Amino acid sequence: MHKKSIIFAAILMALAAGLATTAFAQHRGMGFGRNNGWMLKHMAKELNLTEAQKTQIKGIMADEKTKIKPMMQQLRQNEQAENANVNGTFDENQARTFANKQAQLMTDLIVEKERMRSQVYAVLTPEQRQKALQLMRERQQHRQERMKKQAEQKQQSK
C-alpha cells in the first residue's frame, strides 16, 4: 500500500500539480516541475507508458514549467511587496488589493495546471486514464485517513 501511495503521489503531482504544490513550492523556494523527471518515471512504470507517450508528456510538462515559472515569480514578488509594507497599522484596502492579486495569480496557476492535466490525459489510453483515476482515489483516501488520524492525535494531546 505504501508503494502505491508513493506512485500515486507522483501521478497526482504530474497530472494535477494542484494548489498545494504551488503553495509549497512558493514558500520552500522550489521551482515548479523540479521533480518532473522522477514523477514521469513513476507514471511510466505504473501506467505502462509507451516511449511516444513519455516523450509527449515530457514535452507537456516542459511547456507547463515555462508557463508556470513567471506566475510563481509574480506570487513571490507580490508576497515580498506585501511583507515590505508591514508597519504596524492595518490598511484594509491594501490587504484586499494584495489578496485579490494573489487570488488572481493562484487562479491563473490552477487554470494552467488543469490545462496540463487535460493534455496529459489526452495522451493516455482509456485504460491508463482509469488506472490513474483509481490511483488518485486511493491516494486521496489514504490522505484523508492520515489527516483524520492526525486530528485525533491532536485532540488526544490537548
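How are helix 5 and helix 6 oriented to each other?

## Basis of the model

This is a predicted model, in which local features need pLDDT of at least 70 and side-chain atom pairs count only at pLDDT 80 or more, while totals for chains, interfaces and linings use all residues. Residues are numbered from 1 along each chain as its sequence is written, and side-chain values use heavy atoms, with hydrogens and water left out.

## Helix 5 and helix 6

Helix 5 and helix 6 (residues 126-157) pack with their axes 9 Å apart, at an angle of about 130 degrees. They are therefore oblique to each other (angles under 35 degrees count as roughly parallel, over 145 as roughly antiparallel, 65 to 115 as roughly perpendicular and the rest as oblique). R117, Y121 and A122 of helix 5 make the contact with R129, A132, L133 and M136 of helix 6, contact meaning heavy atoms within 4.5 Å. By class, five residues of this contact are nonpolar, none polar and two charged.

Helices are DSSP runs (H or I, at least four residues) numbered from the N terminus. Axes are lines fitted to C-alpha atoms over the stretch in contact, and angles run from 0 to 180 degrees between N-to-C directions.

## Helix 4 and helix 5

The axes of helix 4 (residues 51-84) and helix 5 (residues 92-123) come within 10 Å and cross at roughly 175 degrees. These two helices are therefore roughly antiparallel to each other. Their contact has 14 nonpolar, seven polar and nine charged residues.

## L47

L47 lies in helix 3 (residues 36-47). With 4% relative accessibility, L47 counts as buried (under 20% relative accessible area, with a 1.4 Å probe and protein chains only). Its C-alpha atom is separated by 8.7 Å from that of L124, 77 residues apart along the chain.

Key:
Ala, Val, Leu, Ile, Met, Phe, Trp, Tyr, Cys and Pro count as nonpolar, Asp, Glu, Lys and Arg as charged, and the others, Gly among them, as polar. Buried means under 20% relative accessible area, exposed over 50%, partly exposed in between (1.4 Å probe, protein chains only).
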